[in-house]
Amino acid sequence: MFYRSDNRTPDQMRPVNIIPEYISTAEGSALIELGNTRVICTASVEETVPAFMRNTGRGWISAEYGMLPRSTLTRSPREAARGRVGGRTHEIQRLIGRSLRAVTDLERLGERTIWIDCDVIQADGGTRTASITGAFVALGVALEKLVDAGTLTSVPLKDFVAAVSVGIVDGQPLLDLSYEEDSRADVDMNFVMTSGRKFVELQATAEHQVFDDNQLQAMISLARQGLNGLIAKQQAVLKALTLLQ
């Protein structure tokens, strides 16, 4: 039996906890804890859209992502102090936005923007996947409030969406990599999937070793298992959320 440094089995997620409405000043928010990774996600409603979306009758969802300087073992300078946003940050921001837009009916949202902010307060691997999973809850809370206020007639979401990491470490496919595992993984993958078992995005990189069809299928199977559990957590938190049929 393959055991990991935290005594999990290969197909076992780290403990997951999602606390909705964590930030009282935001329309929607959530704190997601994935093992030792913790991310605060907020959703802010703005009654305007970017210039390229004006007069289309459609809304937009955009995301920003950042890590606190001491979210890691050593201090990382703030990107604002460097004067520019790094390539990794740009990539993750775009991924979060794409993932949420994939399950949102932008016409039903109307010409307004939902700004998603994901701030990593402690990082131990899987910060981008935790951000997507937590951001969906923050988005759901914000949209529920728009319905309660009479601004929208129904929540313009078509499905739930969550994300998880998988990888191959020492030849063994593993679900939900911690930083220690991710830093030495032969293969690193991130999956974004809906509750309807449809993939939104797959990111796969052979870090040290190439992988074959059988290993890919094993990682897909692990990802589906983990994503099912994450979406069940989201559904338990957003009990009143009624999706568009």
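Buried here means under 20% relative accessible area, exposed over 50%, and partly exposed in between (1.4 Å probe, protein chains only). The model is predicted: local features need pLDDT of at least 70, side-chain atom pairs count only at pLDDT 80 or more, and totals for chains, interfaces and linings use all residues. Residues are numbered from 1 along each chain as its sequence is written, and side-chain values use heavy atoms, with hydrogens and water left out.

**Cysteines**

A disulfide is a pair of cysteine sulfur atoms within 2.5 Å. By this rule the count is zero. Two cysteines are listed below.

| Residue | Relative accessible area | Closest cysteine sulfur |
|---|---|---|
| Cys 41 | 0%, buried | Cys 118, 3.9 Å |
| Cys 118 | 1%, buried | Cys 41, 3.9 Å |

The sulfur of Cys 41 is too far from that of Cys 118 for a bond.

**Sheet**

Helices (H or I, at least four residues) and strands (E, at least two) are DSSP runs, numbered from the N terminus. Two strands pair if DSSP finds at least two bridges between them. Five strands form an open sheet of mixed pairing, in the order 1-2-3-5-4. Strand 1 (16–20) and strand 4 (60–67) are its edges, each pairing on one side only. On average, neighbouring strands are turned by 15 degrees against each other, direction ignored; axes are lines fitted to C-alpha atoms, for helices over the stretch in contact, and angles run from 0 to 180 degrees between N-to-C directions. Strand 3 (residues 37–46) and strand 5 (residues 113–122) run antiparallel and are joined by nine bridges. Ala 43 has Ile 116 of strand 5 as its bridge partner.

Helix 4 packs on this sheet, touching strand 1, strand 2 (28–34), strand 3, strand 4 and strand 5, and its direction makes about 35 degrees with that of strand 3.

Just after helix 4, Gly 150 takes a positive phi of about 85 degrees.

A nonpolar core is a set of buried Ala, Val, Leu, Ile, Met, Phe, Trp, Tyr and Cys residues joined through side-chain atoms within 4.5 Å. The largest has 62 residues, and those with the most contacts inside it are Ile 96, Leu 100, Ile 114, Ile 116 and Leu 143. Helix 4 gives the most to this core, with eleven residues. Contact means heavy atoms within 4.5 Å. Leaving aside neighbours within four places in sequence, Leu 143 is in contact with residues including Leu 109, Ile 114 and Leu 152.
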